Amino acid sequence: MTEFFFNLTWLIPLFPLAAFALIVLWTNRNRLLSTWVAWIGIGLAWILGWTLFFLSGREAHSLTPPGGGHPVPLFSIPTGTTLLRLGFQVDTLTGLMLFMVPFVCLMIFIYSKGYMNYGREDVDPRYSRFFAYISLFACGMLGLVVSDNFVTLLIFWEVMGLCSYLLIGFWFDKSYKDPKRITPKQAGLKAFLTTRIGDALMLAGMLLLYSQTGTLTFREIFREETLHTLATSYAWGQVPWATLCAILIFGGAVGKSAQFPLHVWLPDAMEGPTPVSALIHAATMVSAGVYLVARTFPLFVAVEGGTQLAVVAFIGAFTAFLASTIAVAQNDIKRVLAYSTISQLGYMIAALGLGAYVAAVFHLITHAFFKALLFLGSGSVIHGVEHGHHHTHHHPSEGEGHGDEREFDANDMMNMGGLLRRMPTTGWTFIIGALALTGIFPWAGFWSKDEILADAWRVFTHGGEFGVSMGWGFFVWLLLTAAALLTAFYTGRQIFLTFAGRPRTEAAAHAPESVPSMTWPLVILAAFATVLGLFGTPWANRFYALIGHQAEVMGREIAHGEFNPTVAGISTLVALSGWLIAWLIYGRKPLLVPVDPLEKALGPLYRWLKNKWYFDELYMALIIRPAIALARACYTFDDKIVIDPIVDAVGRFGRWLSEWLKKAVDNPVVDGAVNGVGQVTAWLGEFMRATQTGQVQNYLLVAAVTVLLLLAMFLIRTWGTWSVWLAFLTG
Amino acid sequence: MQVPLSWYLIVAAALFCIGLYGVLSRRNAIAILMGVELMLNAVNVNLLAFWRYGEVARGTLAGQVFAIIVITVAAAEAAVGLALVIAVYRARRTVDVEEVELMKL
Amino acid sequence: MTLSVSHVIFVVLSATALVGALGVVLSRNLFRAALFLVLSFVGVAGLYILLEVEILAMIQLLIYVGAIAILIIFVIMVSRQLMSPQYRAWNQQRPGGAVVAVVLFAVLAFVLLSVTWPTAEAAVPQDAIARLGRALVAPDQFVLPFEVASVLLLVALVGAVVIAREK
Amino acid sequence: MDILNFWVELGRVVGEWMASWGLPPWAVNLIADFIGVLILVVFGVMAVIIFTPMERKVIARMQDRPGPNRVWPYGLLQALADAIKMLTKEDIIPSKADRALHMLAPILVVIPALLIYAVLPWGPRLIGQDLNVGVLYVVAIGAIHILAVVIAGWGSDNKYALLSAFRTVNQLLAYEVPMVLSILAVVLLARTMSTQGIVEAQSVPYLIVTPIAGLIYLVCAMAEANRSPVDLLEADSEMVAGYMVEYSGMKFAMFFIAEYVNMFAVAILVSTLFLGGWKFFGLEDVAPVLAPLIVFGKSVLVIFCMLWFRATFPRLRFDHLVGFSWKFLVPLSLINLLLVALVVKIPVADSRLAPWVQGGAMLLASLVVMAATALLLNRAARRLKDAPALKRIVAVER
């Protein structure tokens with residue numbers, strides 16, 4: 001029975017893909033049908049996904065290395081002397097992802113119906129297309145988590161890249177009065193190109209792996225002897241192949257999971273519809289990067305104390321801190337969440353860099369739920385404010401003036417306030433999500449984040465399993481704890497600015513609660529954000545039981561995360577103080593005008609943070625401008641100095657040659673021959689024409705005469721043997 | 001006393017040659033069609049004569065079946081041929097095969 | 001060689017058929033040519049009866065006389081002004097055609113008369129028609145030609161309608 | 001001498017009598033055949049004398065008028081008077097007509113009408129020639145009838161006559177198809193093409209077994225025999241008298257005779273194919289001498305029905321007539337043929353029961369098809385009634 005369901009794995013990505021095809025090809029005229037097709041597609045994937053999750057949990061003992069996951073081979077591509085075996089697999093890590101991905105996707109799909117204004121007059125004109133895209137997106141993520149090799153993984157990875165481009169730029173016709181503000185079209189392009197850098201690195205890593213091992217299947221690469229070979233053979237100097245490949249593959253994760261220095265695309269990706277933000281930044285795309293590292297973890301730990309883990313840990317921790325600082329100074333409700341996402345992903349990456357495999361995956365799962373909740377909640381808020389704005393726009397009141405001279409931004413928290421009364425369901429679920437995010441006991445974030453911090457502390461005090469030095473442990477712990485403080489602060493700021501106090505605009509005052517198809521997913525996700533952490537408590541860590549053995553290669557075991565009262569205390573204290581500071585600044589005395597008090601207090605630092613550490617400007621100056629300049633230079637060189645003259649010369653020579661040929665060869669010889677043939681043909685035609693009367697009866701007469709002649713010839717030829725012929729006829 | 005087989009065959013040959021003459025020398029498409037019908041009839045006479053004088057002893061029926069199929073083909077040919085004649089006549093007011101020569105240069 | 005009634009009948013019938021055929025190719029008046037054609041068909045049908053294939057004789061009458069000849073007459077009536085004397089009935093190759101036809105007949109007759117043909121000893125079975133019917137639809141005999149012929153008929157029917165329909 | 005088997009006995013006795021003169025057998029046969037042909041021809045021609053008065057009287061009664069009543073008795077010898085009148089009339093040939101064809105047509109029209117009598121069964125063993133392709137023969141002979149009418153139309157050098165010839169080809173060919181198909185249904189049921197065999201095979205009259213074929217055949221036969229209301233070939237009000245317009249005197253009489261001979265033949269055929277021929281509840285077995293009377297009685301019944309039709313229905317428009325055949329009768333008869341072909345394949349264990357079971361199934365299926373047809377026609381008629389063009393016409397008429 002288990003076997004049977006495992007062999008159905010290939011269906012999981014197929015369901016959303018079929019939904020995509022159906023919508024694009026047939027149902028796109030009918031919005032309701034498209035909605036249902038998408039829902040059914042992801043719903044079936046969800047049912048099958050959970051089935052596989054529970055089955056894989058039950059069969060966990062047989063799905064651990066060295067046997068690896070249950071293979072579901074699809075087909076083989078002959079590549080010269082070897083076969084490239086492509087297929088899917090199920091193991092506990094896949095099962096865990098199948099627990100999270102399709103369910104969160106389903107919630108987002110359901111939410112999308114309301115968000116895209118189904119059944120209202122302002123329904124999105126590309127409504128069906130939206131569902132097609134998100135179905136394809138879900139297909140990409142589901143395919144990615146069930147892949148058992150780098151090839152299919154990369155394919156689905158790129159499918160997601162394509163979908164992120166399409167979805168971030170979904171409102172590609174939108175433009176803003178402010179020329180500096182990034183438009184959805186540009187944002188999509190930015191996301192695509194930025195992640196492309198990581199993808200290129202990852203592809204390089206994959207190719208190197210293939211050149212070294214001759215295979216791209218996880219199962220075969222992660223065999224002990226293969227890993228050992230990789231760890232002990234050197235690319236150059238003292239750099240083993242394993243380290244090089246791991247760092248390159250990590251490049252892909254950096255791009256997809258928006259880690260420093262490729263994090264710049266993610267905040268701008270907020271230009272897409274909010275369900276897309278939830279989909280990209282919670283359930284699917286950014287998780288894919290972390291999943292990639294988790295999936296290829298054996299490669300990362302192949303070399304004892306290698307550079308690769310240090311790189312991972314540093315980038316993760318630094319990103320977590322960097323993003324949380326930027327989030328403090330953002331006013332766009334979704335951008336705050338975006339930076340929060342980057343920061344939380346940094347946590348996971350850092351945890352992986354310390355070898356805290358279980359903690360990272362645990363946080364990945366819990367984070368997906370509460371971040372989806374937060375994004376959908378913010379979408380609900382934006383939606384409400386937009387409708388409130390429309391409401392006031394249709395009934396303009398005399399007292400309200402400032403909405404008209406500048407563009408109204410429904411995403412701006414400064415335009416909100418006091419929404420808890422207007423949108424109770426959204427508000428309370430959002431607050432639950434915020435508590436989970438900031439790591440308040442007993443919500444999910446507390447347990448997962450605490451486990452990461454505890455692991456970091458343990459590395460600092462006891463040393464890591466994979467040769468991670470103690471110093472890294474402390475560095476990571478410090479940065480993550482600081483980030484936790486900032487997280488609590490900006491989350492509190494967000495809550496107080498959005499939901500507390502009094503409405504600062506007419507739009508916020510008239511914002512209605514969202515439709516049930518939007519609020520129900522919020523409630524369900526809130527429930528999960530509350531209880532999910534209880535499955536990962538240090539005393540009964542189900543996650544450890546499930547995936548703890550996944551990373552056990554080269555004879556090493558992953559330590560069981562233990563409860564550390566000191567760390568837990570510190571982090572709780574930090575989180576509470578973050579909330580407290582936020583309350584002191586924004587909650588105690590609610591804002592009445594849209595000016596952040598922090599701006600005055602921090603001065604230049606605020607601007608520094610507000611402008612995201614000037615990363616965009618830096619990249620503009622360091623990379624994009626030089627690249628464009630280089631391209632110009634190449635173009636000039638190409639066109640004006642080298643290529644053009646050569647082309648001209650070749651052209652002139654050709655012309656001269658052809659002139660000469662024409663005079664010397666063509667006119668006398670070829671033309672003469674052609675004309676001669678023509679004349680002969682014409683003459684022959686005139687001659688033969690007489691026989692071609694076009695009269696069928698003429699032809700028939702000729703045929704009859706011919707038959708007669710043949711008959712006569714036959715008779716004459718056999719005259720001597722006439723009797724023989726007769727005998728033949730009669731016999 | 002039976003009629004010898006060769007009598008039938010000679011009558012059929014005569015019928016065939018007369019039909020051939022009609023096909024070769026007539027100008028009117030309908031007349032040509034009639035000549036073709038005569039030739040087909042000659043063939044049928046042959047088929048049935050051979051059936052009667054050869055096949056009956058063996059108990060097979062190929063001659064009759066073949067004759068039936070020839071008649072079928074003749075009917076189809078007449079239907080299509082006459083339809084063509086009508087179409088040509090309607091378009092060009094003639095059924096003279098020598099005047100229907102638009103395709104000729 | 002003794003002559004019997006069947007010889008006489010044969011001569012009469014074949015004379016009918018041949019006279020009819022000659023009438024077809026020699027008469028200027030197309031309507032009369034068509035009637036001669038009918039005469040020829042009737043003569044041939046008589047030959048069939050003499051050959052003891054009554055069913056084919058009846059089919060001959062039904063299809064050739066009842067359908068084909070009538071259709072030909074119909075078309076002749078439609079295009080009746082083409083029978084006026086200003087239209088030439090014969091083309092230039094008439095003498096050539098005549099010579100070819102005569103020579104061909106001579107050769108065929110020569111060959112036919114030189115061969116010793118078998119005589120019909122066996123009697124035609126009583127259930128010949130039933131056997132013919134079964135043979136036409138028996139899978140191991142003629143069902144395929146039969147079906148092909150029916151498809152051909154259908155195609156010809158549709159084609160004739162399409163071709164002859166006024167636009 | 002067996003009085004109950006009088007006709008067959010009579011033939012035998014006459015044969016023996018002639019043989020006693022010392023004639024060779026083939027001569028006896030020849031003379032006997034000649035006598036038989038003579039009887040049949042005379043009897044066929046007698047149909048005119050019998051049925052002309054009948055038609056005129058019956059229709060007159062239906063139209064509530066006395067009909068011919070001058071020639072004694074009750075005007076029943078009117079036909080004889082007409083014949084004498086016609087024989088004395090001038091024989092006219094149009095000056096530009098094709099004389100030979102003009103003369104040929106009246107002869108050619110009578111011959112096939114009489115030829116049909118060769119295969120009409122009058123009783124057990126009482127038949128001109130029991131051909132094993134009997135019904136096919138009847139249909140084939142019908143083709144010559146068409147030819148004759150066309151020749152008449154062509155050979156008269158008359159506009160109406162020529163139009164009539166065109167109509168002939170159209171109508172008769174159109175109605176030949178469903179006629180052959182319905183005959184084919186009967187042949188499938190009886191498993192023989194011999195008319196005698198078909199009569200013998202009818203334990204139940206085929207009109208009851210396959211009413212669709214019967215009715216279609218009746219309609220087609222009327223069209224073939226050119227009877228009103230489907231006498232579009234000679235429709236007086238449209239084309240004077242059609243192909244007969246230039247014929248007078250004796251030649252017209254030939255056409256006249258042919259029509260009645262044809263009608264009688266058709267009536268006998270209907271009774272043979274669908275009414276059980278000379279069978280009448282076993283009476284034919286008891287007294288074969290009565291068989292011809294049974295056939296005659298049934299035929300008169302059929303002819304009465306034809307007259308009834310004539311008196312009841314107005315004449316059809318020509319395109320309606322042809323369309324009725326191609327669009328209605330042909331599909332229906334094809335369906336019927338399919339039904340029959342399926343039903344005769346119903347396996348019945350007891351071979352004695354087989355005809356009854358198959359007949360019952362056939363009747364049931366026929367009734368279903370007829371009901372469905374009626375339903376469809378009703379639908380079509382209703383749609384037609386709602387058609388705007390028709391509404392306009394109705395409005396104008398009001």
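Between which two helices of chain A does the loop that holds A:Ala258 lie? Keep that in mind as you look through the close-ups below.

This is a predicted model, in which local features need pLDDT of at least 70, side-chain atom pairs count only at pLDDT 80 or more, and totals for chains, interfaces and linings use all residues. Residues are numbered from 1 along each chain as its sequence is written, while chains are lettered from A and ligands numbered from 1 in the order in which they are written.

**View 1. A:Ala258 in its loop.** The answer to the opening question is helix H10 (241–256) and helix H11 (265–268) of chain A. Helices here are DSSP runs of H or I with at least four residues, strands are runs of E with at least two, and both are numbered from the N terminus. A:Ala258 has a phi near 55 degrees, which is positive even though the residue is not glycine. A:Ala258 counts as buried because it has 31 C-beta neighbours inside 10 Å. Buried means that 20 or more other C-beta atoms lie within 10 Å of a residue's own, exposed means 12 or fewer, and partly exposed is in between, with C-beta atoms placed from the backbone.

View 2. Chain A contains 31 helices and four strands. Of its 731 residues, 50% count as buried.

**View 3. C:Glu52 in its loop.** Here the loop runs between H2 and H3 of chain C. C:Glu52 is not a glycine, yet its phi is positive, at about 65 degrees. Is this residue buried or partly exposed? C:Glu52 counts as partly exposed because 16 C-beta neighbours lie inside 10 Å.

**View 4. Where chain C meets chain B.** This contact takes 74 residues from chain C and 66 residues from chain B. Two residues are in contact if their C-beta atoms, placed from the backbone, lie within 7 Å. On the side of chain C that touches chain B, the largest share comes from H4(C), with 11 residues. That side divides into 57 nonpolar, 12 polar and five charged residues. Nonpolar covers Ala, Val, Leu, Ile, Met, Phe, Trp, Tyr, Cys and Pro; charged covers Asp, Glu, Lys and Arg; the others, Gly among them, are polar.

**View 5. Where chain C meets chain D.** In this view, 14 residues of chain C are in contact with 19 residues of chain D. H2 and H3 of chain C are the elements that give two or more residues to the side of chain C that touches chain D. H3(C) provides the largest share of that side, 11 residues. By class, the side holds 12 nonpolar, one polar and one charged residues.
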